[in-house]
Amino acid sequence: MFTLAEVASLSDIQPTYRILKPWWDVFMDYLAVVMLMVAIFAGTMQLTKDQVVCLPVLQSTVNSKVQPGTSGKADFPTVETTTGQGEEVSMRTVAFESAPTVTPDIFLSRTTSSQYQTTESDQEPKKEQKDSSGRKTNLDFQQYVFINQMCYHLALPWYSKYFPYLVLIHTIILIVSSNFWFKYPKTCSKIEHFVSILGKCFESPWTTKALSETACEDSEENKQRLTGAQSLPKYVSTSSDEGSPSASTPMITKSGFKFSADKPMIEIPSVTILDKKDGEQAKALFEKVRKFRAHVEDSDLIYKLYVGQTVIKTVKFIFILCYTANFVNTISFEHICNPKVEHLIGYTQFECTHNMAYMLKKLLISYISLICVYGFICLYTLFWLVRIPLKEYSFEKVREESSFSDIPDVKNDFAFLLHMVDQYDQLYSKRFGVFLSEVSENKLRGISLNHEWTYEKLRQHVSRNAQDKQELHLFMLSGVPDAVFDLTDLDVLKLELIPEAKITAKISQMTNLQELHLYHCPAKVEQTAFSFLRDHLRCLHVKFTDVAEIPAWVYLLKTLRELYLIGNLNSENNKMIGLESLRELRHLKILHVKSNLTKIPPNITDVAPHLTKLVIHNDGTKLVVLNSLKKMTNVAELELQNCELERIPHAIFSLSNLQELDLKSNSIRTIEEIISFQHLKRLTCLKLWHNKIVSIPSSITHIKNLESLYLSNNKLETLPAAVFSLQKLRYLDVSFNSIAVIPVEIGLLQNLQHFHITGNKVDILPKQLFKCVKLRTLSLGQNCITSIPDKISQLLQLTYLELKGNCLDRLPVTLGQCQLLRKSGLIVEDHLFDALPSEVKEVLNQDTSIPFANGI
């Protein structure tokens, strides 16, 4: 028997999975319980009362042949016998006056002689006993017990004996079939997870708050509709007029919170209070629902298993009905038994009665009725499975009744589970749908975000950048806090890794905002916010991984002056950049592209008349096609860095207004084309640093207006005299080359203010160097210089002197005569500085703070 604990554990299934059991499954469970009770009842009666009682069948024809002279009168005495079960049974034994011919020989002779003698002597008394009835069978008690047991197994049909057990087995199979999908490992884990999440979603305070706010929104919309709210201006526009976003622009087309510059903001009352703990639990539920959907929606195992078990139950019903209807007539009260033991009892045939036949037949009819009802329900279940596409589930009604229009339709096992839940209560699916909506999740994030990032906290994160502007950098938040737009004095706003950033109309309060950074942040803007950005934004930085992350409204900011694009823009998706839309940016002056371009997009020439500075920073990808540069006649600054250029591009020579050229970090080996720079009359700065240049051609003298020359980190070994003929040269950087000698012609550069020759092989400083009396910066570090001439005192404007990393034994005392040189600008070993006379050190330490007293 089952223990109470085992039965209690079985009953735990019902409360846990009741929401997944439709009415037909519940009804079939009850039918199975009734069938189980029928089996138990029939089995109990069979164990306690099932028996047969048999009497011999006397052949009258045989008896008449053996005793032809008998009168045929018989006595029927009553004989009390006891069955094997200990019950007394009244049986009539039939004893004919003539001896039976079928008895064994021994009994026959004895009985015959005795009876004949009795007949002859007592003939008259027998005649007087005419009222007596019964006829002897000559069977004793043990023989009747024996016959009853044999005939129970021989004459009684098997269905009468095993009917209760068959009902029990069939019922157990049906019960197992109904609950198999709750126990199968590959399905029960998903079902348990689903039921757990569904219960938490149903009871979550966020569900109530979200649905309540929806109701408030609906009532507010109805109220506006009744009071003529249709006259209010629309805050979101999808028109494609000039200066307005097109239909494909990622604007906020529908939001729970709407802003207008003309109308006050509509605040939706908070129906319920959502504390921080409830908010965190709701966030966890959103993540669980997302992962569960990804895990379950890709398969339909639960659906197939449910269909399979329903088919099995239907086939089982048909099988039971067929063979039961066939055997129902075999259950009878009377049976003929031929035990074939005449040598033991003297009779060949017995007529038996089955005392359970009547009750079993009634129970069988009841069982057939129950199984028919069960089968019809199985057929209805199959019809339901076929009639409705259970592998698809639509939240259309929920979307219509709420503001969460983005609730996605689901499929496969996820859809099937929701269909099953609908049979229990459709409210579960409605409340569960809240956690499938991104709008709902964003609202929750917005509430939590605004609670955490208050105005005071944001004010603490505002800092001053290098341009002395107030800057706020928000990193990896769930959205943009509303309090950000209350920082009206903010100059720079940086948003990084905020995938759900939304810029609302409140940004119009930030009148000082001119620079916006969007790093991996495809921000969406409302119409009013876009209008404000279009009129006020001057500088925009966009960093992205894929081109699709660039907001489309970027190309509609007519007053934008600086645009920085950082991301993957290879040749295959150059057309996707949308640079053709840059023609709308009529005030754009600076375009900075940091990517992996193989050619300058032809469409960039549409912006060429506007641009004064073009910067292309590649990641090492070779920039091949540069013909588009010829059309950019107004460009004054051009930077082509890390583009694997081997020579100076010829297209550059057509840029007549070019003032600064930067070819940093390329593979340029020769610069013979530099002679063509004589046509660039305005070129004042040439940066050829971090290349592989071996020599400087003498044709560099043709760049007469050159003021800055950067040749550091190359492979130069000498400096030609032609360099020193550039009379306007103010900045010369030849650091980190292999130069061994500074030519004496350096004295010709009377306007030289900055000279950097760090990291070379110089050992002697020519006296002519100190004729460059305008020198402010002199970098001589990491060379082989052994002494510094005393004439360094002639550099009266010197403010920075680097000598560290040489072979100096001492410093000249005349350093004290360099009036503008201070200790902070003297880069030298500590022991050399300490060896200077105290009066010199006092001069160098003037107007310096105490921490610098011991040198740098």
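The following dialogue explains how to read several features of this predicted model.

Q: How many helices and strands does the secondary structure of the protein come to, and what percentage of its residues count as buried?

A: The protein has 22 helices and 28 strands. It contains 856 residues, of which 47% count as buried.

Q: What do the contacts say about how parts of the chain that are apart in sequence come together?

A: Consider the contacts between residues at least 6 apart in sequence. Of these, 57% join residues at least 24 apart.

Q: What is a disulfide, and how many does a search of the whole structure find?

A: A disulfide is a covalent bond between the sulfur atoms of two cysteines. In this model, the search finds 2 disulfides. One joins Cys 54 to Cys 352, with an S to S distance of 1.9 Å. The other joins Cys 151 to Cys 337, with an S to S distance of 2.1 Å.

Q: Which parts of the chain does the link of Cys 54 and Cys 352 tie together?

A: Cys 54 belongs to strand E1 (residues 52-56) and Cys 352 to strand E7 (residues 350-354), so the pair ties together parts that are 298 residues apart in sequence.

Q: Where do Cys 151 and Cys 337 lie?

A: Cys 151 is in helix H7 (residues 141-154), whereas Cys 337 is in strand E6 (residues 334-337). This pair also links distant parts of the chain, 186 residues apart.

Q: Is each disulfide right-handed or left-handed?

A: The angle about the S-S bond is the value to read. For Cys 54 and Cys 352 the angle is 110°, and the link is right-handed. For Cys 151 and Cys 337 the torsion is about -90°, so that disulfide is left-handed.

Q: How do strands E17 and E19 join strand E18, and which way do they run, parallel or antiparallel?

A: Strand E17 (residues 562-566) is joined to E18 by 5 bridges, and the two run parallel. Within this pairing, Glu 562 stands opposite Ile 590 of E18. Strand E19 (residues 613-618) is joined to E18 by 6 bridges, and these two also run parallel. Here Leu 591 has Leu 614 of E19 as its bridge partner.

Q: At what angle do the axes of helices H9 and H17 cross, and which residues make the contact?

A: The axes of H9 (residues 185-203) and H17 (residues 426-433) come within 9 Å and cross at roughly 80°. The two helices are therefore roughly perpendicular to each other. On H9, the contact is made by Phe 194, Ile 197, Leu 198, Cys 201 and Phe 202; on H17, by Leu 427, Tyr 428, Arg 431 and Phe 432. These residues divide into 8 nonpolar, no polar and 1 charged.

Conventions: Residues numbered from 1 in each chain as written. Predicted model: local features only at pLDDT ≥ 70, side-chain atom pairs only at ≥ 80, totals over all residues. Heavy atoms only, no water. Axes fitted to C-alpha atoms, helices over the stretch in contact; angles between N-to-C directions. Helix = DSSP H or I, 4+ residues; strand = E, 2+ residues; numbered from the N terminus. Parallel < 35°, antiparallel > 145°, perpendicular 65-115°, else oblique. Contact = heavy atoms within 4.5 Å. Nonpolar A, V, L, I, M, F, W, Y, C, P; charged D, E, K, R; others polar. Pairing = 2+ DSSP bridges. Disulfide = S-S within 2.5 Å. Buried < 20%, exposed > 50% of the residue type's maximum accessible area, 1.4 Å probe, protein only.
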